[in-house]
Amino acid sequence: MSVLLAAYFSTIARLLPMIVCGLAGFVWGKRGAAYPTAFVSTLVTYLAIPALVFHTLMTTPLEADALVLILGASTAALLLAAVLVAGLLWIFRLPVAALGQTAWMPNAGNLGLPMATLVFGAEGLTVAIAFFAVSSFLSFTLGLRWLTGSSGKVSRQPVVWATLLAVGARAVDIESPIWLLDSASMLGSLAVPLMLLTLGHALSQLPRSGLKAGALVALARFISGALVALALLTISGLPQAIAAPIALQMVMPCAVNSYLFARLHGTQGDASAGGVLLSTLAFVVVAPFLLWLIGAA
């Protein structure tokens with residue numbers, strides 16, 4: 001038992017930098033201090049993350065065919081999770097259309113990218129970024145169609161273009177100028193701390209009225225993600241260096257963006273907020289066990 005406790009607290013210590021950043025945003029929000037959420041979100045979405053994606057994919061030692069494999073595996077993992085989520089919400093007698101997006105999409109941005117960096121280093125970050133690009137694409141297409149019946153404007157998402165440009169350049173052996181890579185690295189360094197601060201602030205502002213349904217949404221998120229992660233690690237045949245980071249992304253909590261979609265376009269905003277809040281809190285508690293399950297701790 002003492003060995004397990006030591007391993008648990010050791011992993012918690014590794015997570016503390018992320019927890020502190022998120023907690024700083026949470027306390028900031030609870031104090032009622034001004035936080036330009038719209039500005040920061042726009043800055044991260046349209047500048048910092050695309051720069052991080054472009055720099056990481058252009059400088060990663062992974063070959064172009066490995067990147068294509070990661071993109072394909074990420075797509076398959078998320079589509080399988082969508083089927084599982086629909087079935088779980090039906091079993092829980094929750095509205096599948098209204099809450100499917102929230103239970104389906106893992107927080108591969110605010111939480112997934114820092115976690116991948118912390119646990120797997122630079123190579124894991126590359127896999128996580130490719131996964132994030134896929135999840136962003138699916139969120140604005142199948143995810144919005146699931147929720148509203150119509151898709152969003154994927155062509156307006158810079159992260160998609162940054163991924164396509166980097167993968168395309170790698171495929172035909174086009175090297176990026178040093179000044180461009182250095183600029184992308186500097187801008188991309190803003191992404192992780194700003195995402196964690198914004199996540200903490202967003203959690204401090206979420207309504208608490210949908211906690212009962214939100215608990216079931218969070219449960220659907222973790223069950224579906226854990227089953228897909230298990231399949232990735234045991235029967236997918238993927239190299240461990242690819243399967244493990246994708247599996248880690250699949251067990252992330254509900255994405256904050258899903259709550260924003262539900263609030264703007266759906267009828268279950270409070271339940272979606274409850275799912276985001278409870279799944280994030282639960283993740284902090286069980287993260288060491290999840291990392292052990294994936295074999296990353």
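A: Let us begin with Ser74, which lies in helix α3; helices here are DSSP runs of H or I with at least four residues, numbered from the N terminus. The model is predicted, so local features need pLDDT of at least 70 and side-chain atom pairs pLDDT 80 or more, while totals for chains, interfaces and linings use all residues. Residues are numbered from 1 along each chain as its sequence is written, and side-chain values use heavy atoms, with hydrogens and water left out.

Q: Is Ser74 buried or exposed?

A: Buried means under 20% relative accessible area, exposed over 50%, and partly exposed in between, with a 1.4 Å probe and protein chains only. Ser74 has a relative accessible area of 0% and is therefore buried. Leaving aside residues up to four places away in sequence, Ser74 touches Phe131, Val134 and Ile246, where contact means heavy atoms within 4.5 Å.

Q: How is the packing of α3 against α9 described?

A: Two packed helices are described by the angle between their axes and the distance between the axes. The axes are lines fitted to C-alpha atoms over the stretch in contact, with angles from 0 to 180 degrees between N-to-C directions. For α3 (residues 64-91) and α9 (residues 211-234), the axes come within 9 Å and cross at roughly 140°. That makes α3 oblique to α9, since angles under 35 degrees count as roughly parallel, over 145 as roughly antiparallel, 65 to 115 as roughly perpendicular and the rest as oblique. Among the contact residues are Ala77, Leu80 and Leu84 of α3 and Ile223, Ser224 and Leu227 of α9.

Q: Which residues have the most contacts inside the largest nonpolar core?

A: A nonpolar core is a set of buried Ala, Val, Leu, Ile, Met, Phe, Trp, Tyr and Cys residues joined through side-chain atoms within 4.5 Å. The largest has 88 residues, and Met115, Ile246 and Met250 have the most contacts inside it. Helix α5 (residues 112-148) gives the most to this core, with 13 residues. Met250 touches residues including Ala77, Ala81, Val228 and Leu232.

Q: How many residues of α4 are buried?

A: In α4 (residues 96-104), 7 of the 9 residues are buried, so this helix is largely enclosed by the rest of the structure. Gly100 and Trp104 are among them.

Q: Where is Arg93, and what is its phi?

A: Arg93 is in the loop between α3 and α4. Its phi is positive, about 60°, although Arg93 is not a glycine. At 80% relative accessibility, Arg93 counts as exposed.

Terms used: Helix = DSSP H or I, 4+ residues; strand = E, 2+ residues; numbered from the N terminus.
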